[in-house]
Amino acid sequence: VETLDRLAQADPTSFFRDRALMLQGQALERALGDPTAAAGRYEQLLTLFPASLFAPEARAHLRRLRSPS
């Protein structure tokens with residue numbers, strides 16, 4: 001997650017920034033069990049890159065994280 005964070009922050013115009021945010025969200029959600037931090041990464045992706053190819057998947061993750069279990 002830290003390496004992806006450095007990649008996402010190092011060059012705000014990077015072609016890989018949206019991918020890095022998506023991967024961070026997935027790692028935080030699945031591997032580290034931190035749904036709050038994961039939701040933050042998905043929200044950041046949607047705010048910064050609303051037309052990203054990852055946007056639909058990020059929205060789906062957010063819906064799942066926000067729905068009552």
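**Helix packing in a predicted model**

**View 1. α2 and α3 run roughly antiparallel to each other (an angle over 145 degrees), because their axes pack at about 160°.** The axes lie 7 Å apart; they are lines fitted to C-alpha atoms over the stretch in contact, with angles from 0 to 180 degrees between N-to-C directions. The crossing is left-handed: the near helix is turned anticlockwise from the far one by less than a right angle. Helices are DSSP runs (H or I, at least four residues), numbered from the N terminus. Contact (heavy atoms within 4.5 Å) involves, among others, R17, L21 and L28 of α2 and A38, Y42 and L45 of α3.

This is a predicted model: local features need pLDDT of at least 70, and side-chain atom pairs count only at pLDDT 80 or more, while totals for chains, interfaces and linings use all residues. Residues are numbered from 1 along each chain, and side-chain values use heavy atoms, without hydrogens or water.

**View 2. α2 meets α4.** Their axes come within 11 Å and cross at roughly 25°. That makes α2 roughly parallel to α4 (under 35 degrees). This crossing is left-handed. M22, Q26, E29 and R30 in α2 meet E57, A58, H61, R64 and L65 in α4.

**View 3. The largest nonpolar core has 12 residues.** Such a core is a set of buried (under 20% relative accessible area, 1.4 Å probe, protein chains only) Ala, Val, Leu, Ile, Met, Phe, Trp, Tyr and Cys residues joined through side-chain atoms within 4.5 Å. Members include L21, M22, Y42, F54 and L62. α2 (17-31), α3 (35-48) and α4 (55-66) each supply at least two. The largest share, 5 residues, comes from α3.

Terms used:
Buried < 20%, exposed > 50% of the residue type's maximum accessible area, 1.4 Å probe, protein only. Parallel < 35°, antiparallel > 145°, perpendicular 65-115°, else oblique.
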